[in-house]
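Dear colleague,

I am passing on the structure we spoke about, and my notes on helix contacts and aromatic rings follow below it. Please read them with the structure open beside you.

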Amino acid sequence: MRLIFGYLRSTNLRPGRNSSDLAIQRASLQTWSDSMGIRISEFVIEPHFEATTAFDKRTVSKTLIEHAGNGGMVVAASFGHLFGTPEDAHRTLLLARLIGCHIRACDIEDGRRNIENYNTLLTALLAVSASSTYPATLRNRAVKKREAESSRYRGGNVIFGWTKLPDGSLTADEAEQNHIEHLQRLRFQKSTYEELAKYSAEQGFHLTAPGIHKILRRVKLG
């Protein structure tokens, strides 16, 4: 069953003092639900946080996308209820796209678009973030990836996901890279490392649980 979470964010430090605000958000999401013919599985209420607090740093939302999982959805009355900063929005939407979770906001095209795949929005968020360190972080990760792809092999075991070419350089192994993406998705869906190792063996990749942990940690750190 596909999980659809209606996300309500409290705007008051004192619980119970902003029930009218939560009611307005809930009514907006209910209107959206009725117009789309989509049933909201559960309304989740986020306690108050400072406006700039990142999505993955809040009490409820930090695991919400992973909980929704591949094919699930998180929808809010407004884009501003979801994200604290442009950098936060860009990072979170990329994560949602990786997991396969859809994100919608009722104030963006009436909530009819999955905004994690809205490339124009992602580009705009990156442009607005130009004065922060976030774009530089993304560029550094891209540079490291290009260096890894073109660097000469210096001995030792070739890390999973890469293949040594005759000239000594490393190139991405498509099958292994795809397998890593599948492992990421399963891990986001709460599979244990032992379960991932079993799945890997079934697919012909005999990776150990500790080995998978190291691979996924390396990918996460970029």
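**Helix contacts and an aromatic cluster**

In this predicted model, the axes of helix H4 (residues 86-99) and H7 come within 9 Å and cross at roughly 105°. Since angles of 65 to 115 degrees count as roughly perpendicular, H4 and H7 are therefore roughly perpendicular to each other. On the H4 side the contact is made by Leu-95, Arg-97, Leu-98 and Ile-99, and on the H7 side by Gln-184, Arg-185 and Phe-188; by class, this contact has four nonpolar, one polar and two charged residues.

Helix H7 (residues 174-188) also meets helix H8 (residues 193-202), where the axes come within 10 Å and cross at roughly 145°, and this crossing is right-handed. Here H7 contributes His-179, His-182, Leu-183, Leu-186 and Arg-187, while H8 contributes Tyr-193, Leu-196, Tyr-199 and Ser-200, and these residues divide into five nonpolar, three polar and one charged.

Turning to the aromatic rings, the structure holds four aromatic pairs. In one of them, Tyr-7 and Phe-55, the ring centres are 5.8 Å apart and the planes lie at 45°, so the pair is tilted. Because Tyr-7 lies in strand E1 (residues 4-9) and Phe-55 in the loop between strand E2 (42-46) and helix H2 (64-68), the pair ties together parts that are 48 residues apart in sequence. Both Tyr-7 and Phe-55 are buried, and together with Phe-79 and Phe-83 they form one aromatic cluster.

Terms used
Residues numbered from 1 in each chain as written. Predicted model: local features only at pLDDT ≥ 70, side-chain atom pairs only at ≥ 80, totals over all residues. Heavy atoms only, no water. Axes fitted to C-alpha atoms, helices over the stretch in contact; angles between N-to-C directions. Helix = DSSP H or I, 4+ residues; strand = E, 2+ residues; numbered from the N terminus. Left-handed = near helix turned anticlockwise from the far one by under 90°. Contact = heavy atoms within 4.5 Å. Nonpolar A, V, L, I, M, F, W, Y, C, P; charged D, E, K, R; others polar. Parallel < 35°, antiparallel > 145°, perpendicular 65-115°, else oblique. Phe/Tyr/Trp six-rings, centres within 6.5 Å; stacked < 30°, edge-to-face > 60°. Buried < 20%, exposed > 50% of the residue type's maximum accessible area, 1.4 Å probe, protein only.
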